[in-house]
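User: Please go through the helix packing and one of the sheets in this model.

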Amino acid sequence: MPRVRTKLVSWDEIVDWSMHLADIIKRDGYRPDLIVAVARGGYVPARLLCDFLSVENLASVQSQHWTEAAKVEEKAILKFSYRLNASGLNILVVDDIVDTGDTLKLARDHIEANWSPKTVKTAALQWISPVAKFKPDYYYLEVKEWIWFQYPWTRLEDTYQFIKRMMSEAYKEMGKSEWTNEEVVKGFNEWYGIDVGETYYRRALDVLLEKGVITYDPSRKTYKLVAT
Ligand code: ADE
């Protein structure tokens with residue numbers, strides 16, 4: 001059993017899910033004049049929905065998560081909360097996934113309060129129903145058990161963060177500090193139950209080297225976590 005339940009999502013699945021989502025929106029009779037992608041996760045689904053719903057207008061708002069002082073919980077805020085005159089427009093706000101629901105709700109509320117739209121509806125490819133405090137107007141897949149979806153647009157970022165987490169936990173649990181390339185790949189497969197492929201492991205290790213998170217010992221051919 002992997003330690004972190006993870007599903008590798010392919011580009012083909014994204015296209016398929018977005019097409020089904022477009023059909024659900026069409027069937028409901030909603031015809032958006034403007035699609036707003038919630039950056040960064042909503043970009044690809046929003047662009048595909050523009051294609052499948054024949055929508056020309058695409059804008060974006062970006063959310064960010066802040067950990068408030070002395071609080072464990074993260075708070076979602078909008079990074080660039082600009083105003084746009086959308087009077088008379090039907091807007092569809094799009095994200096990849098509704099997990100806690102904070103992000104999409106925040107974007108929707110901001111647009112409703114500040115952009116003077118005619119209507120605002122929300123859509124996501126996936127909705128994690130047991131944890132989400134917010135249900136999007138449209139979604140394609142209801143997820144009943146929390147899982148990390150490894151989307152194609154975060155593959156490298158997720159891979160290096162996953163490797164970093166695996167290395168630091170292994171150090172805490174059993175004092176393991178040296179990793180060969182093969183151990184990283186094997187460990188990753190065991191920990192996360194997915195295989196992202198040789199190119200991503202190599203690039204992820206390069207990112208961690210660049211960031212100074214790990215060092216490489218060429219004589220031993222091993223990577224080592226830098227003590228933090
Ligand atoms: N972003 C927020 N929650 C997520 C999840 N469960 N999988 C992938 N991306 C996410």
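User: At what angle do helix α4 and helix α6 pack?
Analyst: The model is a predicted one. Helix α4 covers residues 155-174 and helix α6 covers residues 198-210. Their axes are 9 Å apart, and the angle at which the helices pack is about 70°.

User: Is α4 oblique or roughly perpendicular to α6?
Analyst: Angles of 65 to 115 degrees count as roughly perpendicular. The packing angle here is about 70°, which makes α4, relative to α6, roughly perpendicular.

User: How do the residues of the contact of α4 with α6 divide by class?
Analyst: From α4 come R155, L156, T159, Y160, I163, K164 and M167. They meet Y200, Y201, R203, A204, L205, V207 and L208 of α6. The division of these residues is ten nonpolar, one polar and three charged.

User: Which residues of α2 make the contact with α1?
Analyst: α1 passes α2 in a right-handed crossing. On the α1 side the contact is made by W11, I14, V15, S18, M19, L21, A22, I25 and K26. By class, the contact as a whole has twelve nonpolar, one polar and one charged residues. The α2 residues are V44, P45, L48, L49 and F52.

User: Which residue of β11 stands opposite E178?
Analyst: β9 and strand β11 (residues 222-225) run antiparallel and are joined by two bridges. Opposite E178, the residue in β11 is K224.

User: Is Q62 buried or exposed?
Analyst: Q62 lies in strand β3 (residues 57-67). Beyond its neighbours within four places in sequence, Q62 is in contact with A39, R40, I77, L78, K79 and F80. The relative accessible area of Q62 is 19%. The cut-off for burial is under 20%, so Q62 counts as buried.

Key
Residues are numbered from 1 along each chain as its sequence is written. This is a predicted model: local features need pLDDT of at least 70, side-chain atom pairs count only at pLDDT 80 or more; totals for chains, interfaces and linings use all residues. Side-chain values use heavy atoms; hydrogens and water are left out. A crossing is left-handed if the near helix is turned anticlockwise from the far one by less than a right angle, and right-handed if clockwise. Helices (H or I, at least four residues) and strands (E, at least two) are DSSP runs, numbered from the N terminus. Contact means heavy atoms within 4.5 Å. Ala, Val, Leu, Ile, Met, Phe, Trp, Tyr, Cys and Pro count as nonpolar, Asp, Glu, Lys and Arg as charged, and the others, Gly among them, as polar. Axes are lines fitted to C-alpha atoms, for helices over the stretch in contact, and angles run from 0 to 180 degrees between N-to-C directions. Angles under 35 degrees count as roughly parallel, over 145 as roughly antiparallel, 65 to 115 as roughly perpendicular and the rest as oblique. Two strands pair if DSSP finds at least two bridges between them. Buried means under 20% relative accessible area, exposed over 50%, partly exposed in between (1.4 Å probe, protein chains only).
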